[in-house]
Amino acid sequence: MNQKSRKNNWADIKLLIVAASLTAMLGLWNFFALQGIKEKIDITPSFGIQTVTVDQSPSKMINPTLIPADTKILMGGSAPQEKIIVQPGSAPAPVTQTRSS
Amino acid sequence: MIHKHYFEAFNCRMMAAVDMEGRPEILDQVPGWFEEWESALSRFRQHSELNAVNSTSGQPVRVSDIFAAVFESALNAYRASDRLVTPLILNAILQAGYNRSFDLLNAGNSLQTFDVIGTALDLENIEWDARFHTLHTPDGYQLDFGGVAKGWAAHQAAIRLSKIAPALVDAAGDIAVSGPGQNDQPWLIGIADPDNPDRNLGLIQIRKGGVATSGTDRRRWLHNGVLNHHIIDPRSGLPAGTDVLTATVVAPSIMNAEMASKTILILGSEQGLLWLEKKHPQMAAFIILESRDCIWNANMNTYFRGSNGITKI
């Protein structure tokens with residue numbers, strides 16, 4: 001009877017150790033797994049409004065593409081105005097022309 | 001600011017321009033001036049003084065101040081061109097059927113080939129009294145002032161306008177310039193492409209004087225396979241046999257420019273440039289050949305606007 005009881009005690013101890021080990025493992029697993037997750041945004045609950053917790057929107061991935069040489073790149077602010085550039089040496093319109101008649 | 005006024009005269013489109021701030025009323029008077037001159041000098045006006053003088057050939061006749069000034073201008077051109085630019089070619093032109101303004105003619109039906117009219121008449125045979133404006137033409141002599149009259153009229157108009165402001169007068173491509181424009185700026189003038197007159201081959205800038213272009217590119221027609229045009233060589237009485245399509249000359253006056261451009265056209269490019277260098281070394285010439293090659297003398301370089309003034313055609 002005592003032997004059986006000692007066996008049960010030992011079995012209980014092993015079960016306890018296994019349970020503790022599993023609990024510790026799951027706890028550590030969750031602990032380290034959460035390190036990579038972005039921090040959560042808490043919205044302070046207001047009266048009459050349900051509390052909602054949302055994840056931060058993920059960043060958009062933009063794949064770089066080649067831009068044609070004649071493409072205008074607007075960097076914000078007002079759009080650039082069209083300008084007429086008079087190059088040095090370009091001739092103005094003549095008053096008239098000489099020709100045979 | 002340049003103000004322009006376009007009008008018709010001598011069966012051509014004319015333009016008068018002045019360079020000043022406000023548009024002057026005198027511009028509106030310019031067509032009236034030309035009407036007065038044309039009514040005296042045109043052989044296409046039945047009652048013109050020119051036709052009256054031609055009808056009294058063989059008798060002395062007193063002429064108006066306008067007629068006298070143009071006759072002397074024609075006499076000067078005759079002498080300066082070694083007798084190649086003469087008003088005494090009317091018989092040859094009439095023989096060809098060129099008895100109305102070219103624009104009114106149906107070239108295919110009315111114009112015939114030229115026939116040789118014999119020895120060219122000598123303008124010096126006309127007795128001219130400059131003091132009393134008396135003209136005595138031998139029998140058979142008929143005058144036609146043609147381009148001389150247009151050039152003289154443009155010159156006179158530019159002089160009158162210059163009393164108000166710097167002026168330019170364009171008589172169907174022959175141009176008189178009274179002096180530099182406002183701020184001492186030269187006048188810009190295009191040289192027309194004979195194959196596409198709306199386009200300029202290049203630009204020249206003129207401060208004072210005249211520019212004229214003579215050519216066989218207009219008023220030409222085919223007859224029995226022979227190309228005829230209206231520039232007569234008085235040595236033969238025939239349309240000039242020339243390698244020049246157009247000749248443009250810049251000279252101290254529009255009358256000199258008109259005389260020289262016509263002489264170069266009659267002589268041909270090589271002889272023409274030699275003649276200009278020998279007789280009128282101060283003038284500038286730009287020639288477009290029948291082959292469409294362009295040649296010019298050294299004086300012309302001073303008038304070109306920019307180093308790429310001319311596009312080869």
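User: What makes strand E7 (residues 174-177) of chain B and E10(B) count as a pair, and in which sense do they run?

Analyst: Two strands pair if DSSP finds at least two bridges between them, and E7(B) and E10(B) have three, in the antiparallel sense. Ala176(B), for example, stands opposite Gly210(B) in E10(B). Both elements are DSSP runs, numbered from the N terminus, where a strand (E) needs at least two residues and a helix (H or I) at least four. This is a predicted model, in which local features need pLDDT of at least 70 and side-chain atom pairs count only at pLDDT 80 or more, while totals for chains, interfaces and linings use all residues. Residues are numbered from 1 along each chain as its sequence is written, and chains are lettered from A and ligands numbered from 1 in the order in which they are written.

User: What makes E10(B) and E15(B) a pair?

Analyst: Six bridges join E10(B) and E15(B) in the antiparallel sense, and the rule asks for at least two. Within this pair, Val249(B) is the bridge partner of Ala212(B).

User: Why is E10(B) called mostly covered?

Analyst: A residue is buried if 20 or more other C-beta atoms, placed from the backbone, lie within 10 Å of its own, exposed if 12 or fewer do, and partly exposed in between; seven of the seven residues of E10(B) are buried. In a regular strand the side chains alternate between the two faces of the sheet. On one side of E10(B) lie Gly209(B), Val211(B), Thr213(B) and Gly215(B), and on the other Gly210(B), Ala212(B) and Ser214(B), all of them buried.

User: Which residues touch the most other members of the largest nonpolar core?

Analyst: A nonpolar core is a set of buried Ala, Val, Leu, Ile, Met, Phe, Trp, Tyr and Cys residues joined through C-beta atoms within 7 Å; the largest has 87 residues, among which Val249(B), Val250(B) and Ala285(B) touch the most other members. Helix H7 (residues 254-267) of chain B gives the most to this core, with nine residues.

User: How many residues does each chain bring to the contact?

Analyst: Two residues are in contact if their C-beta atoms, placed from the backbone, lie within 7 Å, and the contact takes 29 residues from chain B and 11 residues from chain A. The largest share of the side of chain B that touches chain A, six residues, comes from E8(B).

User: Where in chain B is confidence lowest, and where highest?

Analyst: On pLDDT, the predictor's confidence in each residue from 0 to 100, helix H5 (residues 107-110) of chain B is lowest, at a mean of 42, and E6(B) highest, at 97. Chain B averages 87, and 86% of the residues score at least 70.
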